[in-house]
Amino acid sequence: RNNNTLLSCLGAPVIQCIRTHRTNTWWDEHLTEDNASFLKKVVTEEYKQQTTDKLNPLKDEPWPRHEWAEGSRRVGLVAVKLGMMPVWSKSGERHVVTMLQVQDCHVVKHLSKEEYNGRTAALIVGGKNISPFHRPEGYLEVFRNAGVPPKQKLTTFCVSDNAIIKPGTPLYAAHFCPGQYVDVTAKTIGKGFQGVMKRWGFKGQPASHGQTKTHRRPGSLGPGGDPAKVFKGKKMPGRMGNIYDTNHGLKVWRVNTKYNILYINGSVPGHRNCLVKVRDSILPTRLENNKNPPFPTFFADGDKELPEDLFDEDVFQFGQPMPE
Amino acid sequence: MAAVCTSRTRQMMGLLRILRNFSQNERLLSTSVLRHNVASDGPPKFTPPSKPVIIDKTQKEASLRRFLSPEFIPPRQRTNPVKFSIERKDMIQRRKVLNIPEFYAGSILAVTMTDPHVNGNLNRFVGICIQRSGKGLGATFILRNVVDGQGVEICYELYSPRMRKIEVLKLEKRLDDNLMYLRDALPEYSTFNFDMQPVHYEITGDVPVNLLKVKMRPKPWSKRWERPKFNIKGIRFDLCLTPEMMEHAQKWAEPWRPYDMLKEYDTSSLEEHIFKEVHENLRK
């Protein structure tokens, strides 16, 4: 650091020039090719080992499992949005369905009531596996403590005390049953700087009949001389999208246990292959459908073999004889 | 088929029709004949019908026409291939129950659907297929016919559970993939008799191409079919347009399009994989 000592003696404001030297290197800058490929192999093997270790939660001192009670909240999942598909009900109505695949979902950390917010306990859940090479050390530390490969997305779920799970347990799509309702949160597709018609749904002005240079403008900004100002929060053009948004009350039509895919009614915020947070719906009218779920989560211990596809009662399954 | 049939006689009629159409379609691996299960306990369980083993000694498999329905080919997108493979499984499962034959835009089809508003619950429509669109389970095709002087187009979903039967009355191709211009053509080109009998077609060799050039009604049309973006070869432009109008339409030609590398989508290897997968699964 070069301090301007002359000026500081004079009592004038000290202008300090701070010279920094960037010490960032990327992970294989100082490695030979052999070492880099070796590291990659080692990392993939380590991930496989870690996932197989965590496959049997019964083996290493599992936490006690409680029964579901009214008013208890359980964990959710992190899933990848694959795409959309049509689904037909037994009465012949066509609904559209989004496919969400649960890829390598693990519970990563448990925060007790005192640590989190004083009211509910929290569980941090991680999504898709990613390479450890381009992440900071602090980020990777959490996963090392849990014995789990590093994940792309981490979310917190507020959870009641009887639903806490040991960090490191894998979570599967069978956690949700067909017929229940979920809320899905994700970052919406960024649209950039957008005008008021697209962003807020304003009607704009007519295309003809004498309009001078005014077709998509907001028009008036509020009342006149009395407030003599524009109120805070006035809907105006600006950046649209790329924010977290939730769609509530989406029905789960079908669950594929082999590939861990959830078929969820309607559309879900986010682009294809984006990571999405799924949890039980909090809408009061849908609480009845969410009764008696696998609590605290679905454990693949091996005693209960689930069929490859679980369908809701209303869904028309393609192999079955046609109704009516 | 106007008589009120019991389900048994309907099955026998179905069997007879299938046996009659034997020569047309060799690949009848699954019949939609359900066996009566007189179950004493609860509703009858669905037992898949026994598959008839049809050994065709006249033609070898290599000479049969390899046809892959266009909705199996995934579009060029950034989606995970897992999604397409799962959708294909569902499509194959549906095809095992309902026979979806090979057809193109320009073939004449007869489609039977369940309809709650009709007395006998079934609704039959005959028409020429003018367009096949959609990929995956949502694939659709549009049938056009002129009924009592009124042109009618119905868009059917191939994999809808309401479809009962799809028969190909005449298998042929036309000069274009999309025959939407039949809306502006003279009605005689879109009229087909509902009682049309199925025409025999070969299962080996190429599909017959109908080189019919259609006469149009006077302009204005619903779309400017003479423009090069539609690339229509099946209209007799010399009867309805002057050479000056044809030259004027060439102003909208985009001669760089065939060289656009971003629009290139080579599906040959994909098609082969998918064809093998589909046929293996259908045979099971």
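The largest nonpolar core in this predicted model has 44 residues, of which B:Phe141 and B:Tyr159 have the most contacts inside it. A nonpolar core is a set of buried Ala, Val, Leu, Ile, Met, Phe, Trp, Tyr and Cys residues joined through side-chain atoms within 4.5 Å. Strand β1 (residues 77-88) of chain A supplies the largest share of this core, four residues; helices (H or I, at least four residues) and strands (E, at least two) are DSSP runs, numbered from the N terminus. Apart from this core lies another, of 32 residues, among them A:Val80 and A:Val268. In soluble globular proteins, nonpolar side chains tend to be buried together.

The model is predicted, and local features need pLDDT of at least 70, while side-chain atom pairs count only at pLDDT 80 or more. Residues are numbered from 1 along each chain as its sequence is written, and side-chain values use heavy atoms, without hydrogens and water.

B:Pro161 lies in the loop between β4 (150-157) and β5 (163-170) of chain B. This residue is buried, with a relative accessible area of 6% (buried means under 20%, exposed over 50%, partly exposed in between; 1.4 Å probe, protein chains only). Leaving aside neighbours within four places in sequence, B:Pro161 is in contact (heavy atoms within 4.5 Å) with A:Trp88, A:Phe316, A:Met322 and B:Arg94. Between B:Pro161 and B:Lys89 there are 72 residues in sequence and 16 Å in space, C-alpha to C-alpha.

A:Met236 is found in the loop between α5 (196-200) and β9 (238-240) of chain A. A:Met236 is partly exposed, with a relative accessible area of 33%.

Definitions and conventions:
Chains are lettered from A and ligands numbered from 1 in the order in which they are written.
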